[in-house]
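User: I would like to learn how to read the features of a protein model. Can we go through one step by step?

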Amino acid sequence: MQELTVSRLAQLLGLDHIPARTGPVRRLTSPTHRYDIAVVSALADGHLGARVEEGRAALGDTPPSRGRLVVYGGPRFLGRELIRDTVLLHVEELAEILHAADGDPTLTALFLLELNEHPGVHGVAYDDALDAWTAWHHHATLLLPGPDSDDVVFVPAAPHDEVWERAADHAATDRVLTAAGLPAVREFRHARRTLPEAGASGTHTDLEHHGHGGTLLIRTSTVPPVAIVAVPSHHPGALLDASGMAAFADSLRITLTTLAPVTAHATLPDGTPLVIEVTVTDQPHQPPATAKTPADETGAAGERLLLRAGADPAATRIGLVIDPPLLAAFHGDGQRGHDALGMLVHDLITQVRSGRDAGPGTDADTFTTAWNTAHPVLRLAGTTHSWPATAPAYTLPRTPHLHARALRAAAAAVRRARVPASSWRDADALRPGGPADQLLHALENALAEQLSAHQPALLGELARQVNAAWAQRTRSLTETAVNLAAPWAENWTAEAGRRQTEAATATSALHLLLQQALITAPSGTRPVDVLAVAELVALAELVLDSGITAVAAARRLHDVSLDIDPTGVFTLTAGPENATAPTAKPPGGEHLGFDLGAYRRARQQRMIAAAVDAQPELLDASTLLAVPPVRTETPFTAPILPAGSQLAQADRLLRQHWGCGLDALGAVLATASDWPAGEHGTATVTVEDLVAESAAWSGLPADHLRAAVDRLRLHPGNAVSTPEHAYTEVERRTRPLTHPLIADGEDLLVLPWLAHAAREAYAASLDDGRLPHPALPAPVGQALTRHRQQLDQRLESDVREAAGAAGLPHRFRLLEKTAAQLGVPGLTGEIDLLVADPDTGRLWVIEAKNPTRAVAVHALQQHIKKFTTRYRDKLLAKAATVAQYADHAAAACGVDGERDWRVLPLMVTRTIEPAAFLAGPRIPYTTADHLTTVLTHPTDPEPGWIPAPASTP
């Protein structure tokens with residue numbers, strides 16, 4: 001019985017081998033998920049209790065910070081339990097928990113910690129362990145935050161039986177799996193029902209098994225009864241790795257289930273499921289030695305595909321081995337490979353039907369015609385990039401249960417800081433030293449204390465996670481961009497937004513932790529593991545969100561509501577208390593009503609729209625399929641700065657003040673991003689090694705490169721920022737994205753993907769006429785400001801071209817003196833563009849501005865204040881003047897005669913303008929690339945941001 005229990009546990013945990021040990025107790029440990037297990041078993045009545053106590057005693061030396069679990073096997077289950085220090089689970093109860101968690105070890109570990117720690121109470125009691133799991137899984141916690149007490153919390157019976165519900169959910173899938181000779185759903189660690197695509201019916205289930213022997217993917221459908229069994233490549237960097245093969249299997253199932261002629265052909269009359277086995281090889285298929293090419297196909301040999309496939313009618317199985325030539329057929333639009341696969345699948349299914357006397361099914365023409373209407377099941381696409389050579393996987397968990405633990409830690413910090421419990425609005429909440437300020441200080445102190453309580457290894461682990469997060473963010477952005485430019489872009493729009501939001505949230509939180517770990521060096525004893533970092537990230541997200549909300553409200557960007565409960569639980573939200581009266585003037589000064597969420601969504605939608613319209617230059621198939629991937633060393637190229645330009649002047653001043661120019665900064669960042677990294681993806685190097693390697697590649701003087709390294713180094717001295725709540729700043733703060741070389745004593749931690757992101761950030765900033773470094777010398781900043789004025793002229797030229805593209809009469813740069821001569825006196829400044837539309841009677845007064853982008857709260861507030869008082873109000877005054885002399889203004893554009901003109905002010909910027917998202921924007925806003933569409937659209941725009949409109953038919 002003990003060996004059966006241990007074997008079952010090994011299967012559940014995905015362990016290929018457990019060391020053999022004698023005795024009634026077998027002990028296991030999870031080094032990454034912070035819990036220990038004692039395995040016991042009993043057959044005879046009356047022996048179970050003693051065995052469980054032996055297991056509990058075996059875990060007596062487990063540190064309090066780790067979870068303790070006794071797993072027992074046998075025919076009997078324990079009854080009501082009071083958990084104080086050790087959780088007791090039957091091996092099959094653990095199986096049900098793992099199935100409900102989709103095999104996620106993080107959820108299991110967090111559940112055990114909740115019961116072991118039972119914060120705030122003396123213990124947790126329940127009649128059935130699965131009742132406790134159901135309550136915790138659904139509500140993210142069993143125990144609400146609050147002060148310690150001697151109470152015992154009893155978990156009531158669950159209102160529904162998850163085990164039976166899950167079994168019912170998977171019953172149809174189990175019938176398919178059993179008939180196909182495959183293990184039942186409960187035998188898989190990862191099992192997830194998915195909603196069928198539009199046009200499909202039945203039940204779809206995704207099954208996965210990951211072990212030391214590799215990964216097995218199964219995708220099932222009940223209509224038609226199909227099981228796709230796919231084995232991905234295990235070679236690092238392979239295109240059909242677990243992720244790529246999963247996408248292929250998903251697409252194949254969609255095609256089989258959403259097209260009626262295809263579904264009918266794959267449905268056998270007796271209901272026997274069809275099994276489709278897909279494997280991959282990195283070697284091209286070779287024809288048999290005796291094979292001969294038909295004479296009539298010799299000339300087209302380059303277009304033929306040699307396929308390895310087969311059908312077994314008795315077992316209702318078909319199989320396909322994907323080799324590089326077949327994979328290459330999916331290059332570009334993917335249609336050639338898709339068409340070939342469709343013909344092959346039809347032929348293989350026909351062989352199965354013929355061998356089982358199941359009728360001919362759908363004829364080939366009907367099948368392939370329907371098949372070819374679907375998007376390709378696979379598309380091979382890649383672009384040239386300068387990414388780091390090693391791409392570590394970012395696997396840090398992020399679940400509501402982690403955020404519940406972060407909220408509990410935050411509530412405890414609020415109680416310790418004695419922040420008063422009450423409700424406040426606006427100025428009452430935001431007064432200096434008031435409740436919002438106290439709340440933020442309590443959260444910031446809690447984060448610093450938790451960081452310092454961990455072992456010193458935390459800094460290196462945070463660096464590894466930052467690097468991995470940037471690897472995922474960069475690669476995911478490229479994958480998203482390629483798919484948004486494909487015919488199925490609409491399927492990726494929501495996914496693109498989700499990925500962008502989650503990636504930005506992860507990197508922002510990790511940056512805060514990494515920088516704070518330099519300020520508050522970890523020096524405690526708390527172990528560093530994946531749960532520790534995940535909990536810190538969840539707390540950092542809470543600190544960031546609370547800080548940005550409160551500081552933005554204090555800057556009067558919007559109003560705020562703060563409610564603090566005596567337990568320390570708080571809600572801090574932007575927006576009016578009474579949604580029906582949003583215009584009520586708050587005490588302490590009128591806020592701007594800035595909608596940060598709408599601003600961010602608009603920027604996100606602009607990114608998606610740009611990707612949809614883009615035409616990325618794709619690599620050829622042979623380059624994509626090269627093993628190992630093709631990496632070509634590129635020679636160093638210094639930035640091209642036109643002689644006499646303000647950008648060249650800024651570079652000269654940078655050398656004078658910093659001892660290095662733009663070329664040295666770029667060389668160091670490029671060298672760091674290409675630095676050979678170990679298994680964790682990061683490397684520890686000396687300053688001199690980095691300087692020497694940069695010099696060997698770029699040929700730049702070592703002293704210039706050394707100065708550049710110094711300017712790019714983040715260390716305890718410059719990591720500290722003097723303003724309160726400095727983490728809410730971007731433009732005025734030293735941070736990992738501007739200083740990606742992390743000090744590690746006298747050495748440097750090189751994070752190649754962070755260095756790559758920093759290089760991209762510096763390049764993008766230069767394109768915008770600025771540098772992201774907060775300690776920029778004043779003369780350099782002034783030279784860059786003058787450079788931006790040249791960019792302003794470029795924007796004005798783009799605006800003029802947009803008016804020409806609209807085919808409307810217009811006048812560019814109408815000066816005050818010229819306007820007065822033409823019969824429009826009293827202008828308060830020149831009009832950048834005046835457009836007359838005689839068909840609609842609209843007279844556009846357009847102002848073109850190219851302001852510096854604002855990201856953080858302080859910069860947004862300063863930016864909006866400047867924009868509204870300096871630019872918006874002047875535009876309104878110009879429009880009012882034009883309205884008085886509308887016919888003369890139209891004549892200035894070349895439109896004569898009297899009309900009833902509607903004078904419309906319009907602000908045009910290079911990027912999305914934050915002032916467009918105020919509660920009272922007063923004028924409409926758009927960007928230069930959308931101006932033509934706005935001018936030709938039949939509807940007058942409303943004040944505020946104009947969403948990218950569809951072109952007029």
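The dialogue below goes from the whole chain to single residues.

Analyst: Keep in mind that this model is predicted.

User: How many helices and strands are in the chain?

Analyst: The chain has 30 helices and 27 strands. Its radius of gyration is 33 Å, close to the 30 Å from the globule rule for 953 residues, so the chain is as compact as a globular protein of that length. Along the principal axes, the C-alpha atoms fill a box of roughly 105 × 85 × 65 Å.

User: What share of contacts joins residues at least 24 apart?

Analyst: Start from contacts between residues at least 6 apart in sequence; 71% of these join residues at least 24 apart.

User: What do burial and surface figures say about the chain?

Analyst: Buried residues make up 50% of the 953 residues. The chain exposes about 42800 Å², and carbon and sulfur atoms supply 53% of that area. For charge, count the side chains: 80 are positive and 108 negative, and the centres of the two sets lie 5 Å apart.

User: Which residues touch the most other members of the largest nonpolar core?

Analyst: A nonpolar core is a set of buried nonpolar residues joined through side-chain atoms within 4.5 Å. The largest one here holds 143 residues, and those touching the most other members are Tyr126, Leu462, Phe570, Leu834, Leu843, Val882 and Phe917. Helix H17 (residues 530–554) gives the largest share of this core, 16 residues. A second, separate core has 38 residues, including Ile349, Ala358, Ala370 and Trp371.

User: What is leucine 834 in contact with?

Analyst: Leave aside its neighbours within four places in sequence. The contacts of leucine 834 then include Leu814, Leu843, Val845, Val882 and Ala889, as well as His810, Arg811 and Cys893.

User: Where does the backbone call for a second look?

Analyst: One place is the peptide bond from valine 223 to proline 224, which is cis with omega near -5°. Proline 224 sits in the loop between strand S10 (214–222) and strand S11 (225–230). Histidine 118 has a phi of about 25°, and arginine 922 has one of about 75°.

User: Are histidine 118 and arginine 922 buried or exposed?

Analyst: Histidine 118, in the loop between helix H4 (105–117) and strand S6 (123–126), has 11% relative accessibility and therefore counts as buried, the cut-off being under 20%. Arginine 922, in the loop between strand S25 (902–909) and strand S26 (924–927), has a relative accessible area of 51%, so it is exposed, the cut-off being over 50%.

How values were computed: Residues numbered from 1 in each chain as written. Predicted model: local features only at pLDDT ≥ 70, side-chain atom pairs only at ≥ 80, totals over all residues. Heavy atoms only, no water. Helix = DSSP H or I, 4+ residues; strand = E, 2+ residues; numbered from the N terminus. Rg over C-alpha atoms; globule rule 2.2 N^0.38 Å. Buried < 20%, exposed > 50% of the residue type's maximum accessible area, 1.4 Å probe, protein only. Contact = heavy atoms within 4.5 Å. Areas by Shrake-Rupley, 256 points an atom, 1.4 Å probe, with all protein chains shown as cover. Lys, Arg positive; Asp, Glu negative; His and termini not counted. Charge placed at Lys NZ, Arg CZ, Asp CG, Glu CD.
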